[in-house]
Amino acid sequence: MTTTEMMTLKTEPFVLNFGPVHPSTHGVYRMRATLDGEVVLDIEPVFGYLHRGIEKLAEERTFSGFVPLTDRLDYISSMSNNLGYCLSVEKLAGIEVPERAEYIRVIMAELQRLVNHAIAVGTFLNDCGAYMTPVVYMLREREKILDLFDMVCGQRLTYNYMRIGGVSQDIPDEFLPALRRLVNQMFFFIEEMERLLKQNEILLARTKGVGILSRETAINCSISGPVARGSGVKWDLRRADPYSIYDRFDFDIPTAEVGDCYDRYRIRIEEMRQSLHIIEQAMKQIPSGPVRADVPHLIRPPVGEAYAHIEAPKGELGFYLVSDNSIAPYRCHVRPTSLINLTALREMVRGWKVADLIVIFGSIDICLGEVDR
Amino acid sequence: MTIPDLVISKLPMQVTPADWPGGYWWHWLFFTVVLIIFVLCMVMGAIYIERRGMGRMQSRLGPNRTGPFGLLQPVADALKVLLKENIVPDAADKLVHWLAPIVAFVPVLLILTVIPFQNGALLADLNIGILFIVAVSSIATVGMFMAGWGSSNKYSLLGAMRNVAAVVSYEIPLVLAVVGVVLCAGSLSMNCIVLSQDIPYILLQPLGFLLFFMAACAEINRSPFDLTEADSEIVAGFHTEYSGMKFAMFYLVEYAEAIAFSAIITTLFLSGWRGPLLPPWLWFLIKTLIVFFAMVWTRTTLPRVRIDQLMALAWKFLFPLALINLFITAIQVLVWPDALPWTMVIINIVLMVVLVLLWSKFFKLGWGRVEV
């Protein structure tokens with residue numbers, strides 16, 4: 001053996017297990033990462049630590065009885081889940097929703113988008129290593145929105161607010177003035193966050209060019225939501241396939257070119273602004289009237305199937321329902337945004353460092369309740 | 001004038017003998033006790049300042065339940081940690097795992113032995129004080145690497161590897177920044193360095209201060225260079241597998257190191273215990289805590305850099321600037337030894353601004369992707 005051979009250290013890749021209990025897996029996601037030192041060679045996702053069989057549970061419940069369970073899918077944005085499911089049942093049974101209820105639903109869905117993006121950006125920056133500060137500020141703003149949700153439905157996390165054919169109750173009188181105040185505050189808050197973070201040198205170094213998802217890959221993996229728009233896919237169901245009353249509002253769909261973590265972060269901030277614009281318009285247009293169609297509690301939709309999808313904060317959220325004219329769905333399937341967005345993770349992280357793995361993972365913004373269902 | 005003459009002429013004449021309060025052994029006993037108490041109290045204070053300060057900066061209250069204003073929170077933390085079960089992983093190298101916290105803690109105490117709390121009030125006025133600090137402070141890394149290796153946990157090992165890489169790289173700009181101060185002071189003794197600071201060296205050596213502060217942050221794993229215990233990536237880094245008293249030791253090391261380096265920065269750049277009106281030891285404490293507060297501030301403000309960016313910063317940014325700083329300082333000391341300090345202050349601050357701006361133009365962080 002020559003001296004050089006003796007001096008050369010042998011190295012080999014090793015497997016590091018991220019999760020299910022790990023500070024940055026946003027729940028109980030688990031990935032088996034193959035590392036070469038700091039470099040990620042490969043990852044293998046392991047799902048199912050939060051599986052509760054929600055799709056199967058739907059078959060055991062009445063159509064209206066499933067609404068509270070949809071809250072538990074993506075528990076960060078329960079209102080959107082409610083909306084997606086109710087739209088699907090309404091499509092299946094052919095139910096008309098009163099005008100006022102539509103507006104209330106839109107306001108709630110957009111507020112929910114604000115909440116979700118606030119959490120997404122906050123935790124993303126936490127993953128970047130900004131120790132707790134941005135996430136605490138974001139949570140502070142989220143609390144204000146949760147106060148509004150509390151006002152309309154008495155809940156702060158699992159709202160169970162929407163009903164088949166409307167919403168459970170009308171908004172109280174003090175809601176709209178409070179919403180007006182909140183919207184004005186939020187504009188300032190977003191500006192403030194922008195000033196703090198947009199040009200931060202370390203943040204740019206950590207996110208610019210990191211974890212690029214190409215436009216082709218995004219389309220091939222059927223990625224949706226801010227992740228797809230960050231890669232330059234101008235696809236927003238509020239425009240592409242307008243549901244509810246989204247065709248009445250004027251708003252932009254922000255897209256970016258590069259498809260790196262920074263772009264995804266920018267898209268979320270822009271979308272928060274656009275949501276505020278939608279809420280402002282909805283507040284101006286909201287009519288008076290009933291908030292719930294006359295729908296029997298044990299609704300029996302005709303035999304058939306329906307798929308309704310909405311632009312949930314994380315992307316396309318779809319509910320596929322099959323009815324056999326009984327009081328329960330024959331089959332319910334959820335198109336989980338987070339799970340499908342996660343499929344591109346492996347493409348994005350290969351060759352990056354461990355630290356980037358966490359940042360890229362955080363930039364996708366998943367919720368484990370939805371991934372495992 | 002030859003260089004040795006120059007150095008001797010700059011040596012401060014008034015150095016009180018460091019033998020108070022009495023004989024050799026009494027001196028040793030007294031200062032040992034004082035140092036240990038100082039470290040423990042300062043760590044408690046530091047934890048309180050950090051937690052409350054971070055609370056304020058993060059628009060929350062921070063711990064306020066234990067005692068008035070939450071002042072007893074560090075005590076409660078310490079008690080909790082003491083009562084915790086001590087768990088050693090099955091596969092751990094037991095001896096190394098057990099020894100690591102001690103190996104990490106002792107150097108921090110050793111650093112403080114040569115820091116003057118006021119004129120002559122230090123355990124050992126070594127004439128190579130700062131060299132001693134530089135030598136001893138790296139030993140803590142051995143402890144941390146032992147912890148990472150001995151835990152037989154991959155997170156720990158990654159953290160330990162990062163720590164070794166960071167410390168090895170950042171020692172160089174750290175030492176080079178110190179040399180600038182030593183050139184100005186003409187002595188390696190910490191007490192003499194303080195005595196020679198008629199104006200604080202933060203003004204005479206602004207670039208040196210900047211380099212030293214950044215390198216010190218990396219050396220003691222404070223944010224934004226806290227990759228060793230990057231909680232969002234590798235859980236808790238090298239002390240992932242520690243619990244109970246041994247974890248408390250690492251917690252102690254973390255804050256004691258921060259305090260020790262604050263004290264070093266105070267001594268080297270902020271004229272140590274010198275100051276008007278207040279007693280010297282109080283000045284020393286105030287300045288140390290101000291430096292520590294700056295560390296807390298950066299921690300709450302900045303995201304973390306990546307390991308390759310950390311290395312790039314050390315070798316491409318800090319190292320060349322440290323060399324330039326040393327070069328400029330040497331020329332200044334040689335050519336204009338009697339120049340008015342305040343002219344030098346202005347020249348050096350302008351130089352610092354120009355150099356940092358210029359170098360940040362050259363310095364670009366790579367994209368960091370490896371083809372696999």
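This report walks through a predicted model of a complex with chains A and B.

## Confidence

The predictor gives the complex an ipTM of 0.81 and a pTM of 0.84. Chain B averages a pLDDT of 82. In that chain, 91% of the residues score at least 70.

One stretch of chain B needs care. Over residues 1–19 of chain B the pLDDT is below 50. The model still gives this stretch 21 contacts beyond near neighbours in sequence. Where pLDDT is low, the predicted coordinates should not be read in detail.

## Where the chains meet

At the interface, 34 residues of chain A are in contact with 31 residues of chain B. Several elements of chain A give two or more residues to its side of this contact. Among them are strand 1 (14–18), strand 3 (39–46), helix 5 (99–128) and helix 6 (133–153). Helix 8 (201–207) and helix 15 (354–364) of chain A also belong to this group. By class, the side of chain A that touches chain B has 19 nonpolar, 8 polar and 7 charged residues.

Strand 3 of chain A also holds Pro45(A). Pro45(A) is partly exposed, with 17 other C-beta atoms within 10 Å. Leaving out residues up to four places away in sequence, Pro45(A) touches Met31(A), Leu342(A) and Leu345(A). Its C-alpha atom is separated by 6.3 Å from that of Arg32(A), 13 residues apart along the chain.

## The nonpolar core

The largest nonpolar core has 206 residues. Phe212(B), Ala215(B), Ile259(B) and Ile265(B) touch the most other members. Helix 5 of chain A gives the most to this core, with 17 residues. In soluble globular proteins, nonpolar side chains tend to be buried together.

What does Ile259(B) contact, leaving aside its neighbours within four places in sequence? The list is Met42(B), Val43(B), Ala46(B), Thr288(B) and Phe292(B). Phe292(B) lies in helix 13 (residues 280–301) of chain B. Phe292(B) counts as buried because 25 other C-beta atoms lie within 10 Å, and the cut-off is 20 or more. Beyond four places in sequence, Phe292(B) touches Ala46(B), Ile49(B), Ala258(B), Ile259(B) and Ser262(B). The C-alpha atoms of Phe292(B) and Ala260(B) are separated by 9.5 Å, and these residues are 32 apart along the chain.

## Helix 7 of chain B

Helix 7 of chain B covers residues 154–185, which makes 32 residues. From its first C-alpha to its last, helix 7 reaches 45 Å. That is close to the 46 Å expected at 1.5 Å a residue. The helix is mostly covered, with 23 of its 32 residues buried.

Where does the kink of about 30° lie in helix 7 of chain B? It lies at Glu171(B), shortly before the proline Pro173(B). After the helix comes Gly186(B), whose phi is positive, near 75°.

## Two loop residues with positive phi

Most residues other than glycine have a negative phi. Asp365(A) has a positive phi, near 65°. Asp365(A) sits in the loop between helix 15 and helix 16 (368–372) of chain A. Phe69(B) also has a positive phi, of about 55°. Phe69(B) lies in the loop between helix 2 (24–57) and helix 3 (73–83) of chain B.

Is each of these residues buried or exposed? Asp365(A) is buried, with 27 other C-beta atoms within 10 Å. Phe69(B) counts as exposed, with 12 C-beta neighbours inside 10 Å.

Note on methods
Residues numbered from 1 in each chain as written. Chains lettered and ligands numbered in written order. Predicted model: local features only at pLDDT ≥ 70, side-chain atom pairs only at ≥ 80, totals over all residues. Contact = placed C-beta atoms within 7 Å. Helix = DSSP H or I, 4+ residues; strand = E, 2+ residues; numbered from the N terminus. Nonpolar A, V, L, I, M, F, W, Y, C, P; charged D, E, K, R; others polar. Core = buried A, V, L, I, M, F, W, Y, C linked by C-beta atoms within 7 Å. pLDDT = per-residue confidence, 0-100. Expected span 1.5 Å × (residues − 1). Bend = angle between axes of the 7 residues up to and from the residue.
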